[in-house]
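Keep the structure open as you read.

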Amino acid sequence: MAEIKSHEFERFVEKGAELYRFYVIYGPDRGLVSERANLIAKHTGVSLDDPFALLKLDVSDLQGDPGRLLDEVNALGLFGGEKLIWLRGVNNEKPVLDAVQTILGQGSPANTLLIEAGDLKKGSGLRKIVEPSRTVAVIPCYADDARALNALIDTELASDSLTITSEARRHLIDQLGGDRVASRNEIRKLALYCRGMGRIEEHHVDEIIGDASSVSADDAVDAILTGDLPAFHRAFQRILTSKTPLFLILQSCLKQFQLLDAMKIEMEEKRTQAGQVMATLGRHIHFKRKPVFEKALRVWRPEAASREAARIQSAVLMSRQRQSLEPSIVFHALLGAALQASKQ
């Protein structure tokens with residue numbers, strides 16, 4: 001397997017991507033998965049404007065036709081030349097796993113295959129098949145850390161000849177993360193607002209992005225994690241009244257579910273108790289919230305926590321793409337998570 005780590009990706013795209021004909025890009029940050037898939041596609045040498053050279057499929061397109069992926073990967077182009085088969089939305093579906101196993105057994109495929117997948121756990125179906133192979137470039141995409149967010153901020157602001165104070169940078173980073181596309185959109189919105197000013201100050205971040213009330217966010221998130229529906233409705237009404245940006249509440253909830261997911265994985269792999277994992281991964285959680293988190297760790301099943309994190313992440317991106325529907329998108333995403341918790 002050629003696993004391309006985050007700090008290696010840019011060099012890989014420029015120097016090594018063309019050496020492969022099979023790519024698997026996966027991870028919890030769906031925006032980053034999509035962004036990197038687009039970059040890989042541009043470096044395959046296949047014309048993305050040619051409908052005979054590029055075939056985009058969603059995993060749902062394979063339902064009722066499980067052999068289609070294998071057929072497309074092995075098919076010869078109508079006018080000759082290599083094709084790019086771009087499959088999205090993969091989460092260990094059996095038709096995909098069967099096709100991938102066959103493709104790897106055949107040697108080099110006739111066409112290039114690019115797979116966009118969700119948050120594949122270690123040892124899960126697709127990873128278990130592709131990771132032992134030296135012919136597959138496997139590219140994990142995890143939520144941006146502070147270093148990655150700083151680099152993203154610098155890149156986006158440089159295009160508008162803007163600088164940013166250290167206080168404004170710290171404040172901005174607190175509002176970002178979880179989804180690369182959503183983070184990039186927020187930075188671009190800030191850059192557009194400050195265009196021509198030369199330097200971004202902390203108050204500019206407040207004015208254009210806003211500052212989610214930590215009390216409101218924590219009250220809502222705690223109610224969601226524990227499945228307390230009446231408390232969730234009260235907290236959400238307070239959020240609406242306070243005019244707190246709903247996108248930031250959704251993002252705050254996403255970060256908490258990603259932390260819960262990581263903690264559950266730690267508990268499963270090391271067979272530790274909730275209190276032990278709280279002492280390590282949960283050190284920064286405010287002491288008043290620790291009982292809530294410990295309860296959530298005991299109640300939530302690992303697969304349910306992972307599924308809700310992925311669903312909320314999709315809602316984060318959707319809320320930025322369809323801002324007129326933001327209140328409805330946020331409410332239904334959070335209510336769905338609270339309902340799921342109440343059933344645990």
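Start at Phe236, which is buried, with a relative accessible area of 4% (buried means under 20%, exposed over 50%, partly exposed in between, using a 1.4 Å probe and protein chains only). Phe236 and Phe331 make a tilted aromatic pair, with 5.2 Å centre to centre and 55° between the planes. Here, rings of Phe, Tyr and Trp (its six-membered ring) pair if their centres lie within 6.5 Å, and planes under 30 degrees apart are stacked, over 60 edge-to-face, the rest tilted. Because Phe236 sits in helix H11 and Phe331 in helix H16 (residues 326-343), this pair ties together parts 95 residues apart in sequence. Helices (H or I, at least four residues) and strands (E, at least two) are DSSP runs, numbered from the N terminus.

A word on ground rules: this is a predicted model, where local features need pLDDT of at least 70 and side-chain atom pairs pLDDT 80 or more, while totals for chains, interfaces and linings use all residues. Residues are numbered from 1 along each chain as its sequence is written, and side-chain values use heavy atoms, leaving out hydrogens and water.

Back in H11 (residues 229-242), Phe232 and Phe236 are four residues apart, so about one helical turn separates them. Phe232 is buried too, at 0% relative accessibility. Together, Phe232, Phe236 and Phe331 form one aromatic cluster.

Now for helix H8. Its buried residues include Arg180, Ile187, Leu190 and Cys194, and after the helix comes Gly196, with a positive phi near 90°.
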